[in-house]
Amino acid sequence: MQPFDSYADLLTCIQDNGHTPQILGRAPDGQPIVAVKSGGDKTPAIFISAGSHATEQAGVSAACALIDEIETEHQLYTIPSRDPIGMNGLAYALGLSLDEAPNLGGLDDVAPLLRKRGEVLYEEGDTVVALIGEYGYATSNLYNHPVGDWIEALKGRRLYFAASNPGVERAYTLIIDPAGEVLHLNRFHDTPWAPVESRCTRDLMAAIQPGLTLDLHEHGGDFFWFSARHQRTPSDQEREERMADAMIAAVAASGAALPPADYLPGSFFTRGLHGVFWLNAAQRGEGLNLADFAAHTYGPAFTIETGMALSFADRVHASKLAAKKAVEVFAERHAGCPSATP
Ligand SMILES: [Zn+2]
């Protein structure tokens with residue numbers, strides 16, 4: 001099993017599988033940001049999303065497969081890739097500002113190109129940040145990186161860089177908000193100012209009122225975990241806990257590696273069952289990510305994380321397994337209930 005080469009390949013795959021995607025909006029380069037409806041007619045709807053971080057392609061492939069593999073009476077809406085530009089890679093992202101996409105052999109080619117073709121805003125050690133056309137580009141990740149006055153030129157803009165894994169074949173999209181905070185596409189779900197990708201997501205959610213939201217991600221390690229969200233009501237909290245228990249049990253039973261016992265993804269998480277971490281968005285700051293926003297506004301939500309050091313097939317498999325188990329528990333709870341009014 002291989003990741004999609006490009007966003008166009010993903011769209012072709014969806015169409016080849018007989019789906020007509022709904023266009024929610026367009027990324028700044030004009031590519032459509034799409035949702036696919038599958039499943040049945042029952043509400044509440046289920047919402048699956050992936051690819052807000054374009055380096056995390058197992059989630060994208062898993063989401064695409066889940067469109068057809070999840071058997072449910074509930075409406076299933078999937079946004080398989082929330083960052084069409086990033087999915088097409090760093091050369092493509094650079095091509096939006098240059099006459100054409102440059103030939104990039106690897107990460108080492110990026111700094112010389114930025115110096116030659118861009119207005120260098122910042123350079124320190126191996127880190128080069130340049131403005132070319134409308135967009136910023138960098139040699140490395142600036143999220144959580146100290147910034148100076150040079151960030152002024154990037155306020156309200158996008159900034160693309162390639163991570164060492166998988167390399168220049170994907171671009172990670174950073175969003176510099178109008179105040180100069182360096183964030184990314186899994187933010188801005190609760191802010192008036194938001195990039196189009198985040199607005200598409202929250203518009204769809206407002207329309208479908210999802211009763212279960214799953215956002216598929218990856219991290220740099222070699223194990224599986226996921227993050228749960230504290231719920232607004234005791235009954236939703238109980239449901240979230242029941243789904244969490246079932247998801248991690250299913251993944252553990254499959255033989256997938258779970259985190260070391262002392263692992264914590266960040267200071268703003270608390271441990272649940274082994275492999276389950278409760279994310280506290282208020283402690284983290286930066287506003288709400290997709291799953292935070294879903295829990296805050298709609299109900300049960302999880303971020304699923306597979307380890308990028310594992311094989312692609314294993315990552316896709318673990319992601320799908322967790323999602324299917326969540327949907328199964330969700331559907332049991334609604335069995336026999338008439339559709340809720342969305
Ligand atoms: Zn991610």
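User: Which residue in S7 stands opposite Leu-131?

Analyst: Strands of a sheet pair through backbone hydrogen bonds, either parallel or antiparallel. Here, Gly-136 in S7 stands opposite Leu-131. The model is predicted: local features need pLDDT of at least 70, side-chain atom pairs count only at pLDDT 80 or more, and totals for chains, interfaces and linings use all residues. Residues are numbered from 1 along each chain as its sequence is written. Helices (H or I, at least four residues) and strands (E, at least two) are DSSP runs, numbered from the N terminus. Two strands pair if DSSP finds at least two bridges between them.

User: In which sense do S6 and S7 pair, and over how many bridges?

Analyst: S6 and S7 pair in the antiparallel sense, over 4 bridges. They form a hairpin with 2 residues between them, and Gly-133 in the turn has a positive phi of about 60°.

User: How many bridges join S5 to S6?

Analyst: S5 and S6 run antiparallel, joined by 5 bridges. Val-120 has Ala-130 in S6 as its bridge partner. S5 and S6 also form a hairpin with 2 residues between them. Gly-125 in that turn has a positive phi of about 60°.

User: What is the strand order of the sheet with 6 strands?

Analyst: The order is S5-S6-S7-S8-S9-S10. This sheet is open, and its pairing is mixed. Strand S5 (119–124) and strand S10 (182–184) are the edge strands, and each pairs on one side only. From one strand to the next, the twist averages 25°. At the S10 end, strand S9 (residues 172–176) and S10 pair in the antiparallel sense over 3 bridges. There, Ile-175 stands opposite Leu-183 in S10.

User: Which strands does helix H5 lie across?

Analyst: Helix H5 (residues 110–117) lies across S5, strand S6 (127–132) and strand S7 (135–138). H5 runs at about 40° to S6. Axes are lines fitted to C-alpha atoms, for helices over the stretch in contact, and angles run from 0 to 180 degrees between N-to-C directions. Two residues are in contact if their C-beta atoms, placed from the backbone, lie within 7 Å.

User: What is the order of the sheet with 9 strands?

Analyst: The order is S1-S2-S4-S3-S11-S15-S12-S14-S13, in an open sheet with mixed pairing. Strand S1 (22–26) and S13 stand at the edges with a single partner strand each, so one side of each has no neighbour in the sheet. The twist averages 25° from one strand to the next.

User: Which way do S3 and S11 run, parallel or antiparallel?

Analyst: Strand S3 (residues 42–50) and strand S11 (residues 212–219) run parallel, joined by 5 bridges. Ile-48 stands opposite Leu-214 in S11. Helix H2 (residues 57–69) packs on this sheet. H2 touches strand S2 (32–39), S3, strand S4 (74–79), S11 and strand S15 (301–307). The direction of H2 makes about 150° with that of S3.

User: Which strand do 4 bridges join to S14?

Analyst: Strand S12 (residues 225–229) is joined by 4 bridges to strand S14 (residues 276–279), and the two run parallel. Arg-229 has Leu-279 in S14 as its bridge partner. Strand S13 (residues 269–271) runs antiparallel to S14, with 3 bridges. Thr-270 has Trp-278 in S14 as its bridge partner. The hairpin of S13 and S14 has 4 residues between the strands, and Gly-275 takes a positive phi near 100°.

User: At roughly what angle do the axes of H7 and H10 cross?

Analyst: Two packed helices are described by the angle between their axes and the distance between the axes. The axes of helix H7 (residues 234–253) and helix H10 (residues 312–334) cross at roughly 140° and come within 9 Å. That makes H7 oblique to H10. Angles under 35 degrees count as roughly parallel, over 145 as roughly antiparallel, 65 to 115 as roughly perpendicular and the rest as oblique.

User: Which residues in H7 and H10 meet?

Analyst: Those in H7 include Arg-239, Met-243 and Ala-246, and those in H10 include Leu-321, Lys-325 and Phe-330. By class, the contact of H7 with H10 has 11 nonpolar, no polar and 4 charged residues. Ala, Val, Leu, Ile, Met, Phe, Trp, Tyr, Cys and Pro count as nonpolar, Asp, Glu, Lys and Arg as charged, and the others, Gly among them, as polar.

User: Which domains does the domain assignment give?

Analyst: It gives domain 1 (7–83 + 191–334) and domain 2 (88–184). Such bounds come from an automatic or database domain assignment. The C-alpha centres of domain 1 and domain 2 lie 27 Å apart. Their contact takes 12 residues from domain 1 and 14 residues from domain 2. The side of domain 1 that touches domain 2 has 5 nonpolar, 4 polar and 3 charged residues.
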